[in-house]
Amino acid sequence: MTRVPLEQKVLSENDRAAAELREQFRASGTLCLNIIGSPGCGKTALLEKTLAAMDPYARVAVLTGDIQTDADAQRLGRYGFPARQITTGGACHLDARMIVRSLSGWLTGDVDLLFIENVGNLVCPTSYDLGEHAKIVVLSAAEGEEKPLKYPGIFYKSELMVLSKVDLLPYVPFDRELAIRNARATNPAIEVVEVSATTGQGIDGWLQWIARRRSAAGLRVS
Amino acid sequence: MHEFGIAQSILEAVRTEAAKHPGARAVKVGVRIGPMAGVDRESLSFCFQAAAEMDGDAGLALELEEGASDELDLKYIELEEP
Ligand SMILES: Nc1nc2c(ncn2[C@@H]2O[C@H](COP(=O)(O)OP(=O)(O)OP(=O)(O)O)[C@@H](O)[C@H]2O)c(=O)[nH]1
Ligand SMILES: [Mg+2]
């Protein structure tokens, strides 16, 4: 019996595709954000509000992943920016090869900002690098403030937590400060923005975060 | 449930490595998983067994070690050489 030591990532195939994407984003000056959260936490609603607030000439595109249907791409396609659905047909997350395939031959020019809405799930997307600049976790006010403790992986890997549906705070027993403390117990550096896609509250702060992230990535701020 | 996909990635890596040792048969693979990796160990073990059987590698064992933070790494494979 011989033991052969290995020093490699389990997902090295995915990581190779992610490295390819990262290089592609660098060459095109694209900031890529990977948006992750449980089903129905408001990812598409947030992106709809975001697209609606954008300069119509902004170079923005969205990829959205779901197990079935192109409902989200239809919602996101109404704002004049390219939006494309990835249906995984069962997979509970997007992987880098799916992004490579979807991007190939899709956009006619470079974009400054690419949003990827991941499949609704707080666990599985955590493991997959999509070549993004940052993972962003969306937690809605109706989900319970203990979620960062129950699903630490995604909070650990995210640069930003978007606390969504804050218009519901008066109606649900949700301690927003405790939710933030719980997220920071897992990841002390995580930043937080609070938004409501229904009222538009906090969308400015979210757009400012994106602009700051662009300049932190050494990209031109448009 | 992405553990099945992860199990398949492990099997793929084992096959690639074993192919470098002609005649040898992989009997065990060691994987290290950190608490932030977002991978359930029990579910991964279950999926690994199922995926290995499907691929005709039923004799291949998976050994999981406790890793740090979000580690999800292959550590070793054990080969039975003729
Ligand atoms: N009150 C309130 N409801 C919201 C808000 N944002 C989204 N919703 C509602 O929450 C539900 C789910 O929103 P989506 O945007 O589809 O959520 P999602 O995260 O994209 O869902 P999946 O893609 O299926 O995982 C819808 O009924 C929305 O109208 C918000 O800010 N406030
Ligand atoms: Mg959606």
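In this predicted model, Ile33(B) stands opposite Glu66(B), a residue of strand β2(B).

Let us step back to the whole sheet. It is open and has 4 strands, in the order β1(A)-β3(B)-β1(B)-β2(B), with mixed pairing. So where does the sheet end? β1 of chain A and β2 (61–66) of chain B are the edge strands; each has a single partner strand, so one side of each is left without a neighbour in the sheet. On average, neighbouring strands are turned by 20° against each other, direction ignored.

Helix α1 of chain B, residues 3–18, packs on this sheet. The helix touches β1 of chain A as well as β1, β2 and β3 of chain B, and its direction makes about 45° with that of β3(B).

Chain A joins the sheet through β1(A), which pairs with strand β3 of chain B (residues 72–80) in the antiparallel sense over 6 bridges. Within that pairing, Pro5(A) has Tyr76(B) as its bridge partner. In general, the strands of a sheet pair through backbone hydrogen bonds, either parallel or antiparallel.

| Strands | Sense | Bridges |
|---|---|---|
| β1(A) and β3(B) | antiparallel | 6 bridges |

**The contact between the chains**

How many residues does each chain bring to the contact? Chain A gives 24 residues and chain B gives 26 residues. Together the chains bury about 2300 Å² between them, and 58% of this lies on carbon and sulfur atoms. On the side of chain A, Arg3(A), Leu6(A) and Val10(A) supply 29% of the area buried against chain B, more than any other three residues.

Polar links are found here too. The interface holds 12 residue pairs in polar contact and 4 salt bridges. One salt bridge joins Asp70(B) to Lys157(A), with the closest N and O atoms 3.4 Å apart.

Which elements of chain A face chain B? β1 (2–9) and α6 (152–157) each supply at least two residues of that side. β1(A) gives the most, with 8 residues. Sorted by class, the side of chain A that touches chain B has 12 nonpolar, 7 polar and 5 charged residues.

Key. Residues are numbered from 1 along each chain as its sequence is written. Chains are lettered from A and ligands numbered from 1 in the order in which they are written. This is a predicted model: local features need pLDDT of at least 70, side-chain atom pairs count only at pLDDT 80 or more; totals for chains, interfaces and linings use all residues. Side-chain values use heavy atoms; hydrogens and water are left out. Contact means heavy atoms within 4.5 Å. Buried area is the accessible area (1.4 Å probe) that two parts lose on being put together, summed over both. A salt bridge is a side-chain nitrogen of Lys or Arg within 4 Å of a carboxyl oxygen of Asp or Glu. A polar contact is a pair of N or O atoms within 3.5 Å; within protein, one must be able to donate a hydrogen and the other to accept it, and residues adjacent in sequence count only if both atoms are side-chain atoms. Ala, Val, Leu, Ile, Met, Phe, Trp, Tyr, Cys and Pro count as nonpolar, Asp, Glu, Lys and Arg as charged, and the others, Gly among them, as polar. Two strands pair if DSSP finds at least two bridges between them. Axes are lines fitted to C-alpha atoms, for helices over the stretch in contact, and angles run from 0 to 180 degrees between N-to-C directions.
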